[in-house]
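Here's a protein chain to explore. Take a look at the sequence and the 3D structure before reading on.

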Amino acid sequence: MLAVIGAKSVDDLFRDVPASARLETPLDLPPGLGELEVERVMAQLAAKNLSAGAAPFFLGAGAYRHHVPAAVDYLIQRGEFLTSYTPYQPEIAQGTLQSLFEFQTQVALITDMDVANASMYDGATAAAEAVMMANRVTRRKKAILAGNLHPHYRDVIATYGRFNGFATIAVKPDPQGKDDLAALIDNATACVVVQNPGFFGEIHDFTALADTCHRAGALLVVVVTEILSLGLIKPPGAMGADIVAAEGQSIGNALDFGGPYLGLFATRDKFVRQMPGRLAGQTVDAEGKRGFVLTLSAREQHIRREKATSNICTNSGLCALAFTIHMALLGEAGFTQLAALNHAQAVKLADILSAIPGVTLVNDSFFNEFTLRLPRPAAPIAEALAEQGLLAGVPVSRLDPRPDLADLLLVAATELNTDADMAALAIGLREALR
Amino acid sequence: MSDWSKALSGFSAASPGGGHGLDVDEPLLFEDDGPGRSGVDLPPVPKVADRLGGLRRDGRIGLPSLSEPQVIRHYTRLSQKNYSIDTGIYPLGSCTMKHNPRINEKVARLPGFADLHPLQPEATVQGALELMDALAHWLKTITGMKAVALSPAAGAHGEICGMMCIKAALEARGEHRVRVLVPESAHGTNPATAATCGYEVDPIPADARGRVDLAALKAKLGPDVAAIMLTNPNTCGLFEDQSPAIAEAVHAAGAYFYLDGANLNALLGRVRPGDLGVDCMHINLHKTFSTPHGGGGPGSGPVVLAESLARFAPLPWLVDGDEGLRLIEQKEGAAKDALGRIKAFHGQMGMFVRALAFMMSHGGAGLRQVSGDAVLNANYLLASLKDLLTPSFAGLSMHEVLFDDRFLGESGVTTLDFAKALIDEGYHPMTMYFPLIVHGALLVEPTENESKESLDRFIASMRALAERAQAGDKAFFEQAPHFAPRRRLDEVTAARKPILRWRAETKSAAAE
């Protein structure tokens, strides 16, 4: 090959790199390992962690442990899905494109919105993109962030706001979810961002708030961090939401220590040209056969550059495929039954735990996660229980260090918790508080 | 139309069902809906009084009901309509479509990584934090940079992260700079990122050698310039050999040097961006370090930072503590100047495991061989095609080769037609019409994975197509692809009258 090129050596091919820029010494990194050695090292690292499946496990707060049917992982590991690129050549990417079209349809149905995109990085970045889209639609630059919005989501939106140049008014968190958001809306407000179920677990009807937003020329952005909840509770679309920004990890995707996750993004037809991200659309080929393409790309960075609606390029394609396949397996009956099962589990657990002396249930309503008020700070208790092999829940202080939230513990129940897990948690918590 | 094409179009109607052997038409999920079916068997729901606050969902959602065999067959059939790295060479320039080793998939699925919640007590996730720390070490060593932010979810997200760090550093200096310089050959994400961060984008032209025009760059520098966003090797597949001078000029003007790391594959073990005066750079783990593209993601875009920017890195920070590794998750202490979060949790852990497995498999010397093989393969393609195709710039290439459409001459065949004909040859086309600085660009990146035999077959197809185009067989190219699951798709109508989801009523419309 070097002879064809006319070069003396591989190093000679780098002759355009000035000598001053060349690294003349080997990288100070270990030599390569064989496959079995890599596996051994990785297994040793993995063994240092307490995996969720090895303990009674009740963590949520925006990442949920659900059962993923075996068929999902089998299908997403097919090389044709796993090792393909963004479907820029539609004639040989119909598999990805049709799956995305199905994904978009499922997301639109679940959220009760008109249209959904082909995914964002995660729920929090989807929420930040939703605010920037609301800014474009309304030509305003102020977002009101509800107190019941996940603290990480508030933080991500605020970070984007600082650099993109929009204001964020963050309402103080109230575990009871009794924010008076309507009073804060004025004619400079681009959007109000709320969460349902709220960060603390309570369920809201935002229909009146949507009306107030619309009368003021603002948009309502509804965040959903547990997408499974929409199998049981009134969807954002039915409340008048303009944009839904959600985390889709619960369906089809593992906990993965926080990523990769799946940002879901849905809106109304009238705003579609202001959406961020990719969209798959239906069309026909030269023989009149139905086919799918990426469309409305005049919104996107590879065409519009600095005028694009977002800088996003790579999104969460394979996570979206896992979501779509899991949803396809669930179907209408499975999705609603799984949601009902989660709620029933949480009701059962809330009753057990709130019977412990000193423990009170904060929420009036919830889906599969609720907030407990403990008689003292929750973080040391959760850590002590973890030492006993019990992953009890998420102390709110882990996400929001405000002193008035220190005693709060978020507890999630899913279809994976057994009665024995719940009993173990109740005993552990009772002992820890004794 | 050639006789051959006529014969072909006669055949394509031969199957009354519209299939082509193994390539059968597959309905949408929603068109296979059958009441009462399900692909899952869940336990029964215990009877409890609900606590939904009266907000139970009414009515049907409209999700289709299918059995497990139906779902498996549906997605298996759909998968067969995709081209992939596993199928063949995927020479998309600037995308680095390299082999995805399956050991990476296996270890990423170990429950000790995949089944960890991001908010578990730190004492229960020390192995995960150790893995992140090891990845950070490899990335810093490879790039010669001081710090790394692991949380960005993809390349463009890394760009945002880096440009936010730069803006924060300028703010800390009390400076309000408004312009970001971006070469005309840059990826679209660069100007889009600068704009998202509130900057005005000022393009820099390329010189006759396909590199940044240093004189033009210097003329544009000024006290209002925040940064330059450079790709190196650039998207013409050329090393920006004036990079040290660029860094010097940019720094002298008080601006920062952002490096787009999309093409890091060409530099591994040979050039450390830190030695080039780079202040900040994102790394695409899904390009350079072999984590799979998955049909469009997920990616992972860690950002390496020079010392001057390190204190602005976004939360969370991973630090060594008395009781092992821990995460700083609030802006306090050493992290008081940190950017807030840019993503909900700590980063793309699943991708970290895969990328580190790739790095450990190669080791330091193996990574240097990666860049050598990638550049060797690209130059072999260049040398084997340059008499027939038209390379845009003289000399050697780095890891990818840029041709323009001059070789198509007066044939009437366009870059698009040529690319579509390559599909019929069994290949995924190269990147087309990018970079924008040459006419009808064809950007070819073979990666280090391709064997000489595979490259020779690809070269033979490219040469045969080029000769056919030059012979004036325009009709053949205009109608390509002939053999793909779909012929060319009507993208204009798709954009003009968007159909972005299935609806019950579109079923009959589609059948019309």
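## Before we start

This is a predicted model: local features need pLDDT of at least 70, side-chain atom pairs count only at pLDDT 80 or more, and totals for chains, interfaces and linings use all residues. Residues are numbered from 1 along each chain as its sequence is written, while chains are lettered from A and ligands numbered from 1 in the order in which they are written.

## Two domains

Chain A splits into domain 1 (54-68 + 331-433) and domain 2 (71-326), with bounds that come from an automatic or database domain assignment. Their C-alpha centres lie 27 Å apart.

Where do they touch? In chain A, 27 residues of domain 1 are in contact with 29 residues of domain 2; contact means that C-beta atoms, placed from the backbone, lie within 7 Å. On the domain 1 side, helix 10 (317-354) and strand 11 (369-373) of chain A each give two or more residues, and helix 10 of chain A gives the most, with seven. Helices (H or I, at least four residues) and strands (E, at least two) are DSSP runs, numbered from the N terminus.

## A look at strand 13

Is strand 13 (residues 408-412) of chain A mostly covered or mostly open? Mostly covered: five of its five residues are buried, meaning 20 or more other C-beta atoms, placed from the backbone, lie within 10 Å of a residue's own. Leu408(A), Leu410(A) and Ala412(A) point one way, and Leu409(A) and Val411(A) the other.

Strand 11 of chain A pairs with strand 13 of chain A in the antiparallel sense over five bridges; pairing takes at least two bridges found by DSSP. Here Thr371(A) stands opposite Leu410(A).

Conventions: Two residues are in contact if their C-beta atoms, placed from the backbone, lie within 7 Å. A residue is buried if 20 or more other C-beta atoms lie within 10 Å of its own, exposed if 12 or fewer, and partly exposed in between; C-beta atoms are placed from the backbone.
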